[in-house]
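Student: I would like to go through this structure with you. Could we take it one question at a time?

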Amino acid sequence: MSPQDPSLWIILGIIGLLTFAIRLSFIEWLGAKKIPAVFTHTLRFVPLAVLTAIIFPEIFMRNGEMAVNLANTRMIAGIVAGLVALRSKNVLLTIAVGMGMFWILQVVTHAAN
Amino acid sequence: MRGWRDELPILLGVLPFGVIYGALAIKAGLPPLMAQLMSCIVFAGSAQIIQTRLVAAGAPGLIMIVTGFVVNLRHALYSASVAPHVRHLSRPWKWLLAYLLTDEAYAVVITRYTSSERVPSPDFRHWYYFGAGMALWTTWQLSTAAGVFLGAQIPESWGLDFALPITFIAIVVPSLKDRAGMAAALVGGLVALAAFGLPLKLGLIVAAIFGILAGMIVSARRR
(Lines give C-alpha, C1' and ligand atoms only; values in the text may rest on other atoms or scores of the structure.)
Protein backbone atom coordinates (compact mmCIF):
# COMPACT_ATOMS: atom_id res chain seq x y z
CA MET A 1 0.00 0.00 0.00
CA SER A 2 1.50 3.31 -1.08
CA PRO A 3 1.08 6.26 1.31
CA GLN A 4 -0.62 8.26 -1.44
CA ASP A 5 -3.08 5.51 -2.39
CA PRO A 6 -6.65 6.70 -1.72
CA SER A 7 -7.71 3.18 -0.70
CA LEU A 8 -5.51 3.68 2.35
CA TRP A 9 -8.46 5.65 3.74
CA ILE A 10 -10.59 2.52 3.54
CA ILE A 11 -7.92 0.42 5.25
CA LEU A 12 -7.62 2.97 8.07
CA GLY A 13 -11.40 3.09 8.37
CA ILE A 14 -11.54 -0.69 8.76
CA ILE A 15 -8.74 -0.64 11.37
CA GLY A 16 -10.61 2.09 13.25
CA LEU A 17 -13.91 0.18 13.14
CA LEU A 18 -12.25 -3.04 14.32
CA THR A 19 -10.51 -1.21 17.17
CA PHE A 20 -13.83 0.37 18.19
CA ALA A 21 -15.59 -3.00 17.96
CA ILE A 22 -12.95 -4.59 20.24
CA ARG A 23 -13.39 -1.81 22.78
CA LEU A 24 -17.18 -2.01 22.59
CA SER A 25 -17.30 -5.83 22.64
CA PHE A 26 -17.99 -6.54 26.31
CA ILE A 27 -19.57 -3.17 27.08
CA GLU A 28 -22.33 -3.62 24.51
CA TRP A 29 -22.64 -7.28 23.53
CA LEU A 30 -20.82 -9.61 25.86
CA GLY A 31 -21.41 -7.84 29.17
CA ALA A 32 -22.63 -10.84 31.14
CA LYS A 33 -20.04 -13.24 29.77
CA LYS A 34 -16.87 -14.08 31.66
CA ILE A 35 -13.64 -14.05 29.70
CA PRO A 36 -12.00 -17.47 29.70
CA ALA A 37 -8.76 -17.43 31.71
CA VAL A 38 -6.78 -18.73 28.73
CA PHE A 39 -7.78 -15.67 26.73
CA THR A 40 -6.76 -13.28 29.51
CA HIS A 41 -3.41 -14.99 29.87
CA THR A 42 -2.73 -15.02 26.16
CA LEU A 43 -3.60 -11.37 25.58
CA ARG A 44 -0.95 -10.30 28.05
CA PHE A 45 1.73 -11.64 25.71
CA VAL A 46 0.47 -9.89 22.58
CA PRO A 47 2.08 -6.45 23.05
CA LEU A 48 5.31 -8.00 24.35
CA ALA A 49 5.68 -10.29 21.33
CA VAL A 50 4.57 -7.72 18.73
CA LEU A 51 6.63 -4.79 19.97
CA THR A 52 9.80 -6.88 20.37
CA ALA A 53 9.23 -8.33 16.91
CA ILE A 54 9.45 -4.74 15.66
CA ILE A 55 12.39 -3.73 17.85
CA PHE A 56 14.76 -6.60 16.99
CA PRO A 57 14.98 -6.16 13.20
CA GLU A 58 15.23 -2.38 13.67
CA ILE A 59 18.31 -2.61 15.88
CA PHE A 60 20.00 -5.90 14.91
CA MET A 61 19.64 -5.59 11.12
CA ARG A 62 20.75 -3.04 8.55
CA ASN A 63 19.37 -3.02 5.00
CA GLY A 64 17.77 -6.43 5.47
CA GLU A 65 20.98 -8.13 6.66
CA MET A 66 22.01 -9.17 10.18
CA ALA A 67 24.36 -6.52 11.58
CA VAL A 68 25.44 -7.61 15.05
CA ASN A 69 28.69 -5.66 15.32
CA LEU A 70 30.07 -2.61 17.07
CA ALA A 71 29.77 -0.47 13.94
CA ASN A 72 25.97 -0.78 14.22
CA THR A 73 25.16 2.41 16.14
CA ARG A 74 21.44 1.53 16.32
CA MET A 75 22.20 -1.72 18.09
CA ILE A 76 24.45 -0.08 20.68
CA ALA A 77 22.06 2.80 21.34
CA GLY A 78 19.18 0.30 21.53
CA ILE A 79 20.95 -1.88 24.09
CA VAL A 80 21.87 1.17 26.19
CA ALA A 81 18.24 2.33 26.06
CA GLY A 82 17.13 -1.16 27.13
CA LEU A 83 19.44 -1.02 30.16
CA VAL A 84 18.18 2.45 31.08
CA ALA A 85 14.58 1.22 30.80
CA LEU A 86 15.40 -1.80 32.97
CA ARG A 87 16.98 0.29 35.72
CA SER A 88 14.76 3.38 35.68
CA LYS A 89 11.44 2.15 34.22
CA ASN A 90 11.17 5.74 33.02
CA VAL A 91 9.79 6.14 29.49
CA LEU A 92 10.97 9.71 28.86
CA LEU A 93 14.48 9.07 30.19
CA THR A 94 14.77 5.94 28.04
CA ILE A 95 13.77 7.80 24.87
CA ALA A 96 16.08 10.73 25.69
CA VAL A 97 19.12 8.55 26.45
CA GLY A 98 18.47 6.21 23.50
CA MET A 99 18.14 9.01 20.93
CA GLY A 100 21.00 10.99 22.51
CA MET A 101 23.30 7.98 22.42
CA PHE A 102 22.33 7.33 18.79
CA TRP A 103 23.11 10.91 17.73
CA ILE A 104 26.43 10.98 19.59
CA LEU A 105 27.51 7.69 18.00
CA GLN A 106 26.45 8.95 14.56
CA VAL A 107 28.61 12.05 14.94
CA VAL A 108 31.57 10.07 16.31
CA THR A 109 31.51 7.48 13.51
CA HIS A 110 31.16 10.20 10.88
CA ALA A 111 34.15 12.02 12.36
CA ALA A 112 36.18 8.80 12.43
CA ASN A 113 35.62 8.14 8.73
CA MET B 1 -14.94 16.12 36.63
CA ARG B 2 -11.92 14.87 38.57
CA GLY B 3 -11.13 12.41 35.81
CA TRP B 4 -9.04 14.78 33.77
CA ARG B 5 -7.05 15.81 36.85
CA ASP B 6 -6.13 12.22 37.72
CA GLU B 7 -5.12 11.73 34.09
CA LEU B 8 -2.64 14.64 34.14
CA PRO B 9 0.55 12.73 35.07
CA ILE B 10 -0.21 10.19 32.35
CA LEU B 11 -0.76 12.94 29.77
CA LEU B 12 2.86 14.00 30.16
CA GLY B 13 3.92 10.49 29.22
CA VAL B 14 1.54 10.36 26.24
CA LEU B 15 2.74 13.65 24.78
CA PRO B 16 6.04 12.36 23.31
CA PHE B 17 4.31 9.31 21.80
CA GLY B 18 1.88 11.55 19.96
CA VAL B 19 4.69 13.73 18.65
CA ILE B 20 6.73 10.69 17.60
CA TYR B 21 3.72 9.13 15.89
CA GLY B 22 2.93 12.33 13.98
CA ALA B 23 6.53 12.77 12.85
CA LEU B 24 6.90 9.11 11.80
CA ALA B 25 3.63 9.24 9.86
CA ILE B 26 4.90 12.22 7.85
CA LYS B 27 8.28 10.53 7.31
CA ALA B 28 6.43 7.42 6.06
CA GLY B 29 4.88 9.63 3.38
CA LEU B 30 1.34 9.90 4.75
CA PRO B 31 -0.47 13.11 3.84
CA PRO B 32 -0.74 15.38 6.95
CA LEU B 33 -4.54 15.19 6.98
CA MET B 34 -4.48 11.40 6.96
CA ALA B 35 -1.83 11.30 9.69
CA GLN B 36 -3.99 13.54 11.87
CA LEU B 37 -7.26 11.76 11.15
CA MET B 38 -5.73 8.38 11.93
CA SER B 39 -5.39 9.68 15.49
CA CYS B 40 -9.18 10.26 15.53
CA ILE B 41 -10.19 7.10 13.66
CA VAL B 42 -7.91 4.57 15.33
CA PHE B 43 -6.95 6.41 18.53
CA ALA B 44 -4.43 3.77 19.69
CA GLY B 45 -0.76 4.74 20.00
CA SER B 46 1.22 1.55 19.40
CA ALA B 47 -1.06 0.41 16.61
CA GLN B 48 -0.74 3.76 14.83
CA ILE B 49 3.05 3.81 15.13
CA ILE B 50 3.23 0.26 13.74
CA GLN B 51 0.97 1.27 10.83
CA THR B 52 3.38 4.04 9.85
CA ARG B 53 6.10 1.40 9.50
CA LEU B 54 3.86 -0.90 7.45
CA VAL B 55 2.92 1.98 5.15
CA ALA B 56 6.58 2.93 4.72
CA ALA B 57 7.39 -0.69 3.83
CA GLY B 58 4.54 -0.88 1.31
CA ALA B 59 2.75 -3.70 3.15
CA PRO B 60 -0.61 -4.80 1.67
CA GLY B 61 -3.84 -3.55 3.25
CA LEU B 62 -4.85 -6.93 4.62
CA ILE B 63 -1.59 -7.23 6.59
CA MET B 64 -2.18 -3.73 7.99
CA ILE B 65 -5.69 -4.69 9.09
CA VAL B 66 -4.68 -8.02 10.67
CA THR B 67 -1.72 -6.43 12.46
CA GLY B 68 -3.88 -3.59 13.77
CA PHE B 69 -6.49 -6.08 14.99
CA VAL B 70 -3.95 -8.26 16.81
CA VAL B 71 -2.18 -5.31 18.40
CA ASN B 72 -5.46 -3.85 19.70
CA LEU B 73 -6.99 -7.12 20.84
CA ARG B 74 -5.87 -6.42 24.40
CA HIS B 75 -8.56 -3.74 24.60
CA ALA B 76 -11.12 -6.54 24.86
CA LEU B 77 -9.78 -7.12 28.37
CA TYR B 78 -10.41 -3.50 29.31
CA SER B 79 -13.86 -3.68 27.76
CA ALA B 80 -14.76 -6.69 29.92
CA SER B 81 -13.32 -5.02 32.98
CA VAL B 82 -15.25 -1.72 32.70
CA ALA B 83 -18.48 -3.31 31.38
CA PRO B 84 -20.11 -3.75 34.83
CA HIS B 85 -19.45 -0.07 35.63
CA VAL B 86 -21.19 1.28 32.53
CA ARG B 87 -24.01 -1.24 32.23
CA HIS B 88 -26.66 1.20 33.48
CA LEU B 89 -25.82 3.87 30.89
CA SER B 90 -27.64 4.71 27.68
CA ARG B 91 -26.29 3.43 24.38
CA PRO B 92 -24.74 6.74 23.19
CA TRP B 93 -22.83 6.93 26.47
CA LYS B 94 -21.64 3.35 26.17
CA TRP B 95 -20.43 3.92 22.61
CA LEU B 96 -18.72 7.16 23.50
CA LEU B 97 -16.93 5.61 26.48
CA ALA B 98 -15.95 2.56 24.39
CA TYR B 99 -14.37 4.88 21.83
CA LEU B 100 -12.36 6.53 24.62
CA LEU B 101 -11.17 3.20 26.07
CA THR B 102 -7.38 3.35 25.67
CA ASP B 103 -4.62 1.82 27.83
CA GLU B 104 -4.11 5.07 29.67
CA ALA B 105 -7.77 5.93 30.26
CA TYR B 106 -8.43 2.39 31.43
CA ALA B 107 -5.57 2.51 33.94
CA VAL B 108 -6.92 5.64 35.62
CA VAL B 109 -10.61 4.77 35.45
CA ILE B 110 -10.35 1.23 36.81
CA THR B 111 -8.09 2.36 39.66
CA ARG B 112 -10.74 4.86 40.67
CA TYR B 113 -13.68 2.46 40.26
CA THR B 114 -12.07 -0.30 42.28
CA SER B 115 -10.52 1.76 45.08
CA SER B 116 -12.55 1.32 48.26
CA GLU B 117 -12.78 4.90 49.56
CA ARG B 118 -12.92 6.99 46.39
CA VAL B 119 -15.65 5.28 44.40
CA PRO B 120 -17.78 7.99 42.81
CA SER B 121 -21.53 7.52 43.04
CA PRO B 122 -22.97 5.70 40.02
CA ASP B 123 -24.58 8.93 38.81
CA PHE B 124 -21.22 10.59 38.31
CA ARG B 125 -18.96 7.69 37.42
CA HIS B 126 -19.33 8.07 33.70
CA TRP B 127 -18.40 11.74 33.97
CA TYR B 128 -15.16 10.77 35.63
CA TYR B 129 -14.44 8.30 32.82
CA PHE B 130 -15.46 10.86 30.22
CA GLY B 131 -13.12 13.49 31.75
CA ALA B 132 -10.16 11.13 31.80
CA GLY B 133 -10.85 9.90 28.26
CA MET B 134 -11.37 13.37 26.78
CA ALA B 135 -8.20 14.73 28.43
CA LEU B 136 -6.29 11.93 26.78
CA TRP B 137 -8.04 12.33 23.44
CA THR B 138 -7.28 16.05 23.32
CA THR B 139 -3.64 15.51 24.27
CA TRP B 140 -3.31 12.82 21.61
CA GLN B 141 -4.75 15.05 18.87
CA LEU B 142 -2.62 18.06 19.82
CA SER B 143 0.59 16.07 20.14
CA THR B 144 -0.11 14.38 16.80
CA ALA B 145 -0.51 17.81 15.22
CA ALA B 146 2.79 18.91 16.76
CA GLY B 147 4.48 15.77 15.40
CA VAL B 148 2.97 16.24 11.94
CA PHE B 149 4.32 19.79 11.92
CA LEU B 150 7.76 18.83 13.26
CA GLY B 151 8.04 15.78 11.01
CA ALA B 152 8.06 18.01 7.98
CA GLN B 153 10.87 20.18 9.45
CA ILE B 154 13.24 17.48 10.72
CA PRO B 155 15.91 16.54 8.17
CA GLU B 156 16.45 12.90 7.15
CA SER B 157 19.97 12.87 8.62
CA TRP B 158 18.60 13.03 12.18
CA GLY B 159 17.54 9.40 11.91
CA LEU B 160 14.12 10.12 13.36
CA ASP B 161 12.93 6.64 12.37
CA PHE B 162 15.08 5.34 15.21
CA ALA B 163 12.54 6.88 17.62
CA LEU B 164 10.26 3.93 16.78
CA PRO B 165 12.34 1.07 18.25
CA ILE B 166 13.49 3.33 21.12
CA THR B 167 9.91 4.18 22.03
CA PHE B 168 8.92 0.52 21.95
CA ILE B 169 11.94 -0.43 24.10
CA ALA B 170 10.75 2.15 26.63
CA ILE B 171 7.31 0.51 26.66
CA VAL B 172 8.30 -3.17 26.60
CA VAL B 173 11.26 -3.44 28.97
CA PRO B 174 9.48 -2.19 32.13
CA SER B 175 6.64 -4.67 31.54
CA LEU B 176 8.92 -7.73 31.41
CA LYS B 177 7.97 -9.01 34.84
CA ASP B 178 8.15 -12.79 34.63
CA ARG B 179 9.68 -15.61 32.63
CA ALA B 180 6.62 -16.19 30.47
CA GLY B 181 6.58 -12.53 29.41
CA MET B 182 10.29 -12.58 28.70
CA ALA B 183 9.91 -15.75 26.63
CA ALA B 184 7.13 -14.11 24.59
CA ALA B 185 9.29 -11.06 23.93
CA LEU B 186 12.51 -12.93 23.19
CA VAL B 187 10.94 -15.50 20.86
CA GLY B 188 8.92 -12.78 19.13
CA GLY B 189 12.11 -10.80 18.52
CA LEU B 190 14.22 -13.74 17.34
CA VAL B 191 11.55 -15.10 15.02
CA ALA B 192 11.16 -11.59 13.58
CA LEU B 193 14.88 -11.64 12.68
CA ALA B 194 14.62 -15.10 11.13
CA ALA B 195 11.39 -14.33 9.28
CA PHE B 196 12.41 -10.87 8.10
CA GLY B 197 12.71 -12.01 4.48
CA LEU B 198 9.13 -13.30 4.28
CA PRO B 199 7.07 -11.61 1.57
CA LEU B 200 4.33 -9.04 2.27
CA LYS B 201 5.81 -8.09 5.67
CA LEU B 202 4.29 -11.30 7.04
CA GLY B 203 7.28 -11.67 9.36
CA LEU B 204 5.71 -9.48 12.03
CA ILE B 205 2.54 -11.55 12.38
CA VAL B 206 4.46 -14.85 12.25
CA ALA B 207 6.85 -13.60 14.94
CA ALA B 208 3.94 -12.39 17.10
CA ILE B 209 2.24 -15.81 16.91
CA PHE B 210 5.44 -17.64 17.88
CA GLY B 211 6.10 -15.17 20.70
CA ILE B 212 2.59 -15.55 22.12
CA LEU B 213 2.87 -19.36 21.91
CA ALA B 214 6.22 -19.25 23.72
CA GLY B 215 4.68 -17.18 26.51
CA MET B 216 1.76 -19.62 26.83
CA ILE B 217 4.04 -22.66 26.92
CA VAL B 218 6.28 -21.19 29.63
CA SER B 219 3.35 -20.09 31.79
CA ALA B 220 1.62 -23.48 31.38
CA ARG B 221 4.77 -25.29 32.53
CA ARG B 222 5.09 -23.19 35.65
CA ARG B 223 1.55 -23.84 36.79
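Student: What separation do the centres of domain 1 of chain B and domain 2 of chain B have, taken over C-alpha atoms?

Tutor: The model is predicted. In it, the two centres in chain B are 25 Å apart, taken over C-alpha atoms. Domain 1 of chain B covers 1-159, and domain 2 of chain B covers 176-223. Those bounds come from an automatic or database domain assignment.

Student: What makes these domains of chain B count as touching, and how many residues are in contact?

Tutor: The test is C-beta atoms within 7 Å, placed from the backbone. Eight residues of domain 1 of chain B and six residues of domain 2 of chain B are in contact. On the domain 1 side, helix α4 (residues 61-72) of chain B gives the most, with four residues. By class, that side has seven nonpolar residues, one polar and no charged.

Student: Which secondary structure elements does chain B have?

Tutor: Chain B has 11 helices and zero strands. Of its contacts between residues at least 6 apart in sequence, 75% join residues at least 24 apart.

Student: What makes a residue buried, and what share of chain B is buried?

Tutor: A buried residue has 20 or more other C-beta atoms within 10 Å of its own. Buried residues are 46% of the 223 in chain B. In helix α2 (residues 32-41) of chain B, the buried residues are Ala35(B), Met38(B) and Ser39(B).

Student: How many residues of chain B are in contact with chain A?

Tutor: 75 residues of chain B are in contact with 61 residues of chain A. On the chain B side, helix α9 (residues 163-172) of chain B gives the most, with 10 residues.

Student: How do the residues on that side of chain B divide by class?

Tutor: They divide into 53 nonpolar, 18 polar and four charged.

Conventions
Residues are numbered from 1 along each chain as its sequence is written. Chains are lettered from A and ligands numbered from 1 in the order in which they are written. This is a predicted model: local features need pLDDT of at least 70, side-chain atom pairs count only at pLDDT 80 or more; totals for chains, interfaces and linings use all residues. A residue is buried if 20 or more other C-beta atoms lie within 10 Å of its own, exposed if 12 or fewer, and partly exposed in between; C-beta atoms are placed from the backbone. Helices (H or I, at least four residues) and strands (E, at least two) are DSSP runs, numbered from the N terminus. Two residues are in contact if their C-beta atoms, placed from the backbone, lie within 7 Å. Ala, Val, Leu, Ile, Met, Phe, Trp, Tyr, Cys and Pro count as nonpolar, Asp, Glu, Lys and Arg as charged, and the others, Gly among them, as polar.
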